[in-house]
Amino acid sequence: MPITKVSEEELKDQRLFIRRVCAVIHVFDHKPLAYTHSYGCQQNVSDGEKLDGMLADMGFGFTDTPDNADLVLYNTCAVRENAENRVFGNVGALKHLKEKNPDMVIAVCGCMVQQEHIAERMHKRFPYVDLIFGTHVLHKFPELLYSIYEKRKRVVCIPESDGVVAEGLPVRRESSFRASVPIMYGCNNFCTYCVVPKVRGRERSREPESVISEVRGLIEKGYKEILLLGQNVNSYGKGGDVDFPELLRKLDAIDGEFVISFMTSHPRDCSHELIDVIADSRHISHHLHLPVQSGSDRILKLMNRHYDTKRYLDLVQYARSRIADIQLTTDIIVGFPGEQRDDFDKTLELMKAVKYDSAFTFIYSRREGTKAAEMDDPVPDEEKGKWFRELLDVQGAIGEKAYEKYVGMTLRVLCEGRGRTDGKLLTGKSRQNIIVDFVGDDGLLGSFVDVKITKSLPWALVGEVVK
Ligand code: SAH
Ligand code: SF4
């Protein structure tokens with residue numbers, strides 16, 4: 001599929017709008033402040049860094065509360081209903097602030113409002129929301145914001161589209177040593193429960209040269225951890241010369257000390273070749289997030305996942321045989337329409353067989369416009385809740401011991417800050433993407449250190465710096 005790139009002229013237009021907004025807000029009697037928040041996945045957080053980048057270029061400062069903000073921007077998630085409810089609640093709570101400060105601009109964007117029925121509801125229910133825009137016009141934020149300041153009229157912009165790729169947008173990164181780099185956008189998998197293909201458009205990959213030069217630039221600037229993003233990174237570059245394993249090889253060839261991790265790997269397309277590339281690499285993280293979703297082949301078929309448990313277990317076995325210290329994590333959905341107790345039992349069996357280091361578990365949430373939304377869903381919520389708690393217990397017991405295998409190993413750790421639970425300790429992430437706490441001084445921040453692991457906790461490791 002050809003990539004629809006946003007043209008250089010269009011990007012130039014947006015830079016012009018950036019300057020126009022700059023001129024408008026320049027006359028304020030104070031430096032205007034933006035409060036922005038991105039919900040949901042890393043991809044959305046990465047979009048949020050671009051929205052922040054555009055705001056910074058427009059002359060905004062940032063605040064960590066909506067109370068004193070001149071602009072509030074919520075970048076929303078649609079993957080489950082509770083994410084949407086949270087946004088409705090948070091937008092509702094802005095009413096009194098807008099009454100106090102009618103000049104405040106309120107904007108809502110992202111996956112949730114890319115759904116027409118939600119955008120309509122948002123528009124009707126919250127007349128004080130000024131701007132609603134979808135996922136395909138993120139790069140047009142300066143133009144949309146300018147029209148709010150100029151006309152003071154509400155704007156809704158959610159064009160239907162297969163999606164575009166916009167290169168070179170400004171980025172305001174949250175961290176000075178950890179950076180996300182999207183390598184592809186959208187999704188063509190159409191898992192029957194999932195709204196992502198509907199709100200994010202068709203799968204499209206960035207050109208390998210763009211990805212490689214961005215990563216190279218980040219490493220030159222001192223970034224130490226690069227997270228490559230895509231809904232299904234294994235289908236990166238389909239139809240082109242550089243597929244995902246090849247992209248990883250090229251990135252791994254860059255010199256320097258850094259770690260490259262990626263999300264998310266779909267088990268259908270995850271290959272032995274990919275695992276070999278990780279095993280033989282210098283920089284690629286020994287963490288594989290391989291969402292299984294269910295342990296029942298019948299349910300996997302209904303989910304349209306295109307793999308069965310046999311293939312999945314083969315991948316796990318191969319990954320563990322090639323990369324002994326690999327951290328393996330997963331996503332699981334409980335209560336998919338039509339799931340029976342014996343299907344759920346198979347999920348429990350699979351979890352016990354694989355012994356994940358950790359698992360992200362979700363109760364199925366009905367998403368309008370998906371195939372699963374039309375399927376019979378006879379199991380009552382209470383029953384699904386019971387299964388969910390059972391799953392948490394089983395994974396809890398596995399997770400309790402999962403990190404024990406690292407005790408005694410010396411792991412190279414990127415030191416990221418002071419510990420959240422114990423401020424006396426430094427904390428960082430190992431190449432396996434596991435939190436490691438250790439004693440050390442602030443001079444180590446942002447650098448790699450060897451830590452001998454002395455103790456394992458369910459969610460972290462503790463160790464001592466090897467001199
Ligand atoms: N592209 C990624 C994940 C995207 S969404 C992948 O395919 O792995 C992240 C996770 O949310 C999914 O793995 C799934 O477990 C969960 N999820 C997606 N849609 C859901 C729904 N309708 N209800 C409950 N969980 C869902
Ligand atoms: Fe959703 Fe499936 Fe695409 Fe992941 S691969 S984003 S779960 S449709």
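Domain bounds here come from an automatic or database domain assignment.

**View 1. Four domains in a predicted model.** This is a predicted model, and its protein splits into domain 1 (4-164), domain 2 (175-285), domain 3 (289-402) and domain 4 (406-465). Between domain 1 and domain 4, the C-alpha centres are 37 Å apart.

**View 2. The shell around ligand 1.** Ligand 1 has 15 residues around it, and R80, Q231, Q293, D331 and S365 come nearest. Sorted by class, that shell holds seven nonpolar, four polar and four charged residues. Domain 2 (175-285) and domain 3 (289-402) each put in at least three residues.

View 3. Zoom in on the N and O atoms here. An oxygen atom of ligand 1 sits 2.6 Å from a side-chain N or O atom of D331, and an oxygen atom of ligand 1 is 2.7 Å from a side-chain N or O atom of Q293. On its own, ligand 1 would expose 540 Å², and the protein buries 90% of that.

**View 4. The shell around ligand 2.** Around ligand 2 you'll find C187, N189, F190, C191, Y193, C194, V196, P197, Q231, H266 and R305. The class tally for this shell is seven nonpolar, three polar and one charged.

How values were computed:
Residues are numbered from 1 along each chain as its sequence is written. Chains are lettered from A and ligands numbered from 1 in the order in which they are written. This is a predicted model: local features need pLDDT of at least 70, side-chain atom pairs count only at pLDDT 80 or more; totals for chains, interfaces and linings use all residues. Side-chain values use heavy atoms; hydrogens and water are left out. A residue is near a molecule or strand if one of its heavy atoms lies within 4 Å of it. Ala, Val, Leu, Ile, Met, Phe, Trp, Tyr, Cys and Pro count as nonpolar, Asp, Glu, Lys and Arg as charged, and the others, Gly among them, as polar. A polar contact is a pair of N or O atoms within 3.5 Å; within protein, one must be able to donate a hydrogen and the other to accept it, and residues adjacent in sequence count only if both atoms are side-chain atoms. Accessible areas come from the Shrake-Rupley method with a 1.4 Å probe; for residues, only the protein chains shown count as cover.
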